[in-house]
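Okay, hi everyone, thanks for coming.

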Amino acid sequence: MLRNSKLNITTLFIFAVSAALALQLYFTSYSGDDWVYFGAYSGYKSVCHNAWEWLKLGFGHWLGTNGRFANIGLTPLLLLPKWLLAGLCGMAAYMMYSKTVFFIDEKKSLPVTVIVVTILVAALPWWDSMMVFDCEFNYVFSSAMCLTAVNLLFKTPGNRLRYILSAAFCFVAGMMHEAASMPLLCGVAVYIYFGGKRPANRLLWSFAAGTFIVTFSPGIWLRASHLSEPDDILPLLLLKSDALSLLLAGGIFYRLWREKMRVEVKKYSSSIICIFAVASLVSMAMSGVSGIVGRSGWFAEIYALIVITYFAKEYLLKIPKIVYTLPALTVLVHVSMVVYGQRSAGIEYAEFDRKYLNSKSGIVFIDYTRDDERSAFLLNKVRGV
């Protein structure tokens, strides 16, 4: 009974944080790439009116931009009512938080859940355009689906229909984002090589097929061959985007360097945690190649967090209730303030939008709230005019 009570509190905590993200997105104005896809799917210049045109648009995207299903298959969701779209994003966030905790502690104990969710809320680069719905598709949805796919690979398939649906899900998950799925596939390969439990064959091949389609799309390689100057020198870029992965890499090399630790490293190479260790390092390498500071390290950080927290779990389970209650309350206050701040910013944007449409010159003079005028406690997540 006590365990069920703690599990309910854990579920409510993750739900509250995810619901806050949904509310924040509901109050967030469309911007950036969202308008690009709106233009493709609706309006007088739209080019996609039926399934055939959607397939042609998707193939063109695969050839010239990237092969991510997040961009090709999920962007039509922008046509949904905003409350429903925001709700789906909240559900994806819930799945991402929940699956991350699951791989660390299957029982989802309260202290582990609080610490992990707190780090995900505070340390991931939400500030880096994550309040654009297309970025939600690329990073939050991709994280949730790829983590779920890894879980499916090692579960008993069940009946035939469930197996087919699982295979389809794994294919789509693999195709979501190359920096999410390819590192995981590398991790699974290393895990199998060292004698880990073999995953369900058809699910693995489905995941691999989706991964290869997105990773080797002509568009992504074309973009990679025309990279501009990196945002920062490599050491600083990795420190800003992949701090947890660097910490993980340092820990692994340290253990390998110590002779008596090599046996321990080999032992964990045949456990599922090896998948995320390898995935974090591979994803960090991809982040470094991208030259982009910020969300390029999103997946590497999640995978590193799983590994680091997994080894720290026994210590986390022993911490007093007061110690993890404080970050839990802090996170809840933080997400509540972000929702309130975004609601205020949304009202300002609506005013700007109305005045801009009524302006003959297209020039609007109003003293809007600047980003640097907002509280640092919001972690720069609020998006205004």
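Let's start with a quick one: in which loop is the place of Lys-108? It's in the loop between helix 5 (82-104) and helix 6 (110-123). Before I go on, please keep in mind that this is a predicted model.

Back to Lys-108: this residue isn't a glycine, yet its phi is positive, about 50°. That's worth a look, as most residues other than glycine have a negative phi. Leu-379 is another non-glycine with a positive phi, about 55°. You'll find Leu-379 in the segment after helix 17 (321-358), and with 35% relative accessibility it counts as partly exposed. There's a glycine to mention too: Gly-291 follows helix 15 and has a positive phi near 75°.

While we're there, let's look at helix 15 itself. It has 18 residues and reaches 26 Å from its first C-alpha to its last, close to the 26 Å expected at 1.5 Å a residue. Several of its residues are buried, including Ile-273, Phe-276, Ala-277 and Ser-280. Further along helix 15, Ser-283, Met-284 and Ser-287 are among the buried ones as well. If you're wondering about the spacing, an α-helix has 3.6 residues a turn, so residues three or four places apart point the same way.

Now, rings. How many aromatic pairs are there? The count comes to 21. One of them is Tyr-139 with Trp-298, an edge-to-face pair at 6.1 Å centre to centre, with 65° between the planes. What I like here is that this pair links distant parts of the chain: Tyr-139 is in helix 7 (residues 133-153) and Trp-298 is in helix 16 (residues 298-316), 159 residues apart. And are these two buried or exposed? Tyr-139 has 8% relative accessibility, so it counts as buried, and Trp-298 is buried too, at 0%.

The largest pocket holds about 1000 Å³. Its lining has 40 residues, and Arg-68, Glu-178, Ile-220, Arg-223 and Ile-292 lie nearest its centre. By class, the lining divides into 17 nonpolar, 15 polar and eight charged residues.

Then there are the cavities: the search of the whole structure finds three of 30 Å³ or more. About 110 Å³ of space lies in the largest cavity. Which helix gives the most to its lining? That's helix 1, with four residues, while helix 17 supplies at least two. The lining of this cavity has ten nonpolar residues, one polar and one charged. Lining residues include Trp-126, Gln-24 and Lys-381.

Note on methods: Residues are numbered from 1 along each chain as its sequence is written. This is a predicted model: local features need pLDDT of at least 70, side-chain atom pairs count only at pLDDT 80 or more; totals for chains, interfaces and linings use all residues. Side-chain values use heavy atoms; hydrogens and water are left out. Rings of Phe, Tyr and Trp (its six-membered ring) pair if their centres lie within 6.5 Å; planes under 30 degrees apart count as stacked, over 60 as edge-to-face and the rest as tilted. Buried means under 20% relative accessible area, exposed over 50%, partly exposed in between (1.4 Å probe, protein chains only). On a 1 Å grid over the protein atoms alone, a cavity is a set of points where a 1.4 Å probe fits but cannot get out, and a pocket is an open set with protein on both sides within 12 Å along at least five of seven lines; lining residues have an atom within 4 Å of a point. Grid points are joined across faces, edges and corners, and a volume is the space filled by probe spheres set on the points. Ala, Val, Leu, Ile, Met, Phe, Trp, Tyr, Cys and Pro count as nonpolar, Asp, Glu, Lys and Arg as charged, and the others, Gly among them, as polar. The expected span of a helix is 1.5 Å times one less than its number of residues.
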